[in-house]
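Visitor: I am new to this structure. Could you walk me through how to read it?

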Amino acid sequence: MERDYKRLVAIGEDRDDVKRQMAAGIKPSFQPQYLDYEEYKQALERIWKQQPWLKQELEKAGYDLSFKPSRYLLTPGAFNNIYKGAIGEAIGGAVMKHLGFDYHDMADLPNSEMERFDGYLKADDGRIVYVDWKNYNTDAPSGDNDQTVKWIKRKLGMVEMGKSVIIINISKWSNKKMQAIQIADGLADKKVYQYPYLFDEKGKLN
């Protein structure tokens, strides 16, 4: 959080607004972080338009989806790592259950499994398959396949209940480094599967 404050050179509703502030005399020596609230709000609204039931589910659960100004300052790190992450997990879990998958929160597993992944599925044969929800945008450096899979496999080595992981990104992105690794011929142990997006650019469920 302290690092966010040091890097936060300008605040605006969109990148053009931030650039205008910077043009007024702020010349940072590093790439600034942006608070693209409006851009993210529009992406969510495209999803709500296609799936109005989903917005109702999240609001019923107590999530604030209004993006209205308040007395709190949400830093880039908190916005990207906490808020977007929490919204992504809630969206993903709701969709899984809506589609009839046997989806569970990690709280249903032993304490040693907590926080390793975001949830899990029970396969037809009883095996546990972890789910890791992502909310990457088109600029995310973590969209690189090799780095993402390497980190997920490391976490997979820290758990005991499940043997494979499915990574699902919430929204469609244009980063070509991210390649789908889909379940085709049944589940394989120690395998990391990747689905680049749950919703396309129009907000339609994939």
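Guide: Gladly! Of the 206 residues of the protein chain, 39% count as buried, where buried means under 20% relative accessible area, exposed over 50%, and partly exposed in between (1.4 Å probe, protein chains only). This is a predicted model, in which local features need pLDDT of at least 70 and side-chain atom pairs count only at pLDDT 80 or more, while totals for chains, interfaces and linings use all residues. Residues are numbered from 1 along each chain as its sequence is written, and side-chain values use heavy atoms, leaving out hydrogens and water.

Visitor: How many helices and strands are there in the protein chain?

Guide: The protein chain has six helices and five strands. Helices (H or I, at least four residues) and strands (E, at least two) are DSSP runs, numbered from the N terminus. From that end the order is α-α-α-α-α-β-β-β-α-β-β.

Visitor: How are two packed helices described?

Guide: By the angle between their axes and the distance between the axes. Here, the axes of α3 (residues 37-50) and α4 (residues 52-60) come within 4 Å and cross at roughly 115 degrees. Such axes are lines fitted to C-alpha atoms, for helices over the stretch in contact, with angles from 0 to 180 degrees between N-to-C directions. α3 and α4 are therefore roughly perpendicular to each other (65 to 115 degrees; under 35 is roughly parallel, over 145 roughly antiparallel, the rest oblique).

Visitor: Which residues make the contact?

Guide: I47, W48, K49 and Q50 of α3 meet P52, L54, K55 and L58 of α4, contact meaning heavy atoms within 4.5 Å.

Visitor: Where do nonpolar side chains tend to be in soluble globular proteins?

Guide: They tend to be buried together. A nonpolar core is a set of buried Ala, Val, Leu, Ile, Met, Phe, Trp, Tyr and Cys residues joined through side-chain atoms within 4.5 Å. The largest one here has 26 residues, and W48, L54, L58, I87, I91, W133 and F199 have the most contacts inside it. Its largest share, eight residues, comes from α5. A second, separate core of 13 residues includes L109, I128, V149 and L156.

Visitor: And in which sense do β1 and β2 pair?

Guide: Two strands pair if DSSP finds at least two bridges between them. β1 (residues 103-105) and β2 (residues 119-122) are antiparallel over three bridges, and D105 has G119 as its bridge partner in β2. β2 also pairs with β3 (residues 128-134), in the antiparallel sense over four bridges; there, the partner of G119 is V131.
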